[in-house]
Every structure is written in structure tokens, then in C-alpha cells.
Amino acid sequence: PAEFVYDGQDHSWSSEATAGGATLSPLALTAGANSLSAQPWTSASSAWGPAEVNRSNGEKNAGDGRTLTLAGQTYAQGFGTHAGSSLSFALGGQCSTFTAQVGVDDEVGNRGSVVFQVYGDDVKLYDSGTVTGAGATRSVQVDVSGRQTLRLVATDAGDGISYDHADWVTPVLTCS
């Protein structure tokens with residue numbers, strides 16, 4: 001596992017202008033299943049380094065993450081964040097279901113503790129409870145019918161941000 005060394009500096013990050021380095025554009029959602037990691041966010045923040053697309057959070061620099069890995073299984077698609085983090089997306093009321101797998105990335109071993117939350121139009125639709133690096137991957141399935149916005153949040157579970165590498169893997173929006 002990566003060794004977390006706090007250097008006393010603030011490495012928080014936020015973005016209102018880009019997603020994965022690309023200029024924001026409206027979601028290109030089609031009828032059926034849509035990989036959320038292929039869609040631009042409207043805003044994002046992460047307590048330690050930038051949110052990463054299709055890789056783990058890594059550390060404080062963009063692009064320093066690794067393959068998303070939860071409980072020994074690797075994933076090609078998803079978001080690597082660091083608690084406290086938030087990723088927001090404009091749904092425009094056209095989707096019915098959000099699904100994902102969540103957990104603390106294997107790169108931190110059995111350390112880290114995170115609470116994953118899903119909000120639709122600022123209403124909490126899902127709360128994982130505390131998930132640790134030693135815990136199992138959790139499945140998320142949330143009804144987002146008619147929602148204009150989707151926000152994915154990872155909190156520090158109330159015990160600080162050390163090792164809190166929070167992964168949202170295989171995030172899918174089902175739309176009409």
C-alpha cells in the first residue's frame with residue numbers, strides 16, 4: 001500500500017471548468033445504459049489531490065492514480081476521489097437509475113474509512129454507512145427518476161482524511 005505522508009500543506013482541489021482535463025459540455029446521454037465516467041461533471045472537489053477519471057485518486061497530482069481496485073478486483077471505469085469529495089452531474093430529468101460499486105481503493109491496504117452518499121436534487125438518496133479499506137465492496141442502486149442533478153459524495157466518516165481513497169467504479173446511468 002502507498003504510504004500516506006502528510007506534508008502540512010493544503011492539497012484540496014476543486015473544478016468548475018473541466019472534467020478529466022476536457023472542457024465541460026452537456027451530458028451526451030442516450031436511451032439505455034450510459035457510463036457516467038464518460039460524462040463531464042458540472043463541478044467536482046476532493047480533499048487531497050484532484051478527482052481522477054478511470055483511475056484511483058493516487059496522491060496530490062493529476063494523473064498519479066493507479067488502476068481502480070476494490071477487494072482485489074480491478075475496474076476500467078469509474079472515479080477515484082479522496083474524502084471529502086463531491087462530483088456533480090446535470091441529469092436534466094432524463095434518467096431513471098444510477099448504479100455503481102463503491103469502496104476504499106486497495107492501494108491504501110486495510111486503512112481508510114469513508115461514507116459514500118448519493119444526492120438527487122440535494123436530497124440524500126443513498127448512504128453507505130462507514131466503509132473501510134478492510135471492508136467489502138458495496139453495491140449502489142438508486143432511483144433518480146425526474147432528478148435534474150446527481151451528486152456523488154464521499155465523507156471522511158468523521159475520523160479525518162488519512163488514506164480515504166474513495167472509488168466509485170462502474171458508475172452507470174440508465175436513461176430513457
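What relative accessible area does Lys124 have?

Reply: Lys124 has a relative accessible area of 42%. That makes Lys124 partly exposed. Keep in mind that this is a predicted model.

Start with the partner. Lys124 forms a salt bridge with Asp127. Their closest N and O atoms are 3.2 Å apart. Asp127 is partly exposed too, at 36% relative accessibility.

The structure holds two salt bridges. The other pairs Asp122 with Arg151, with the closest N and O atoms 3.7 Å apart. Asp122 sits in the loop between strand S12 (113–120) and strand S13 (123–132), while Arg151 belongs to strand S15 (residues 149–155), so this pair ties together parts 29 residues apart in sequence. Asp122 is exposed, at 62% relative accessibility. Arg151 is partly exposed, at 26%.

Follow Arg151 to its neighbour Ser86. Ser86 lies in strand S10 (residues 85–90). With a relative accessible area of 15%, Ser86 is buried. Leave aside neighbours within four places in sequence, and Ser86 is in contact with Arg151, Leu152 and Val153, as well as Ser43, Ala44 and Ser45.

Now a loop residue: Asn57. Asn57 is found between strand S6 (52–53) and strand S7 (68–70). Its relative accessible area is 0%, which makes Asn57 buried. The Asn57 side chain reaches backbone oxygens. A polar atom of that side chain lies 3.1 Å from the backbone oxygen of Trp48. The side chain of Asn57 also reaches the backbone oxygen of Pro50, at 3.3 Å. Beyond four places in sequence, Asn57 touches a list of residues, among them Ser46, Gly49, Asp64, Gly80, His82, Glu107 and His165. From Asn57 to Thr67 is ten residues in sequence and 9.6 Å in space, C-alpha to C-alpha.

Next, the covalent link. The structure holds one disulfide. It joins Cys95 to Cys175, with S to S at 2.1 Å. Cys95 is in strand S11 (residues 95–104) and Cys175 in strand S16 (residues 165–175), so the link spans distant parts of the chain, 80 residues apart. The torsion about the S-S bond is about 70 degrees, so the disulfide is right-handed. Cys95 is buried, with a relative accessible area of 4%. Cys175 is buried as well, at 7%.

Step back to the whole. The protein has zero helices and 16 strands. Of its 176 residues, 47% are buried. Take the contacts with a separation of 6 or more: residues 24 or more positions apart account for 73% of them. The accessible surface comes to about 7500 Å². Carbon and sulfur atoms own 47% of that surface.

Last, confidence. The mean pLDDT is 88, and 85% of the residues reach 70 or more. One stretch needs care. Over residues 17–25, pLDDT stays under 50. The model has 15 contacts beyond four places in sequence for that stretch. Where pLDDT is low, the predicted coordinates should not be read in detail.

Conventions:
Residues numbered from 1 in each chain as written. Heavy atoms only, no water. Helix = DSSP H or I, 4+ residues; strand = E, 2+ residues; numbered from the N terminus. Buried < 20%, exposed > 50% of the residue type's maximum accessible area, 1.4 Å probe, protein only. Contact = heavy atoms within 4.5 Å. Areas by Shrake-Rupley, 256 points an atom, 1.4 Å probe, with all protein chains shown as cover. Salt bridge = Lys/Arg side-chain N within 4 Å of Asp/Glu carboxyl O. pLDDT = per-residue confidence, 0-100. Polar contact = N/O pair within 3.5 Å; in protein donor to acceptor, adjacent residues only side chain to side chain. Disulfide = S-S within 2.5 Å.
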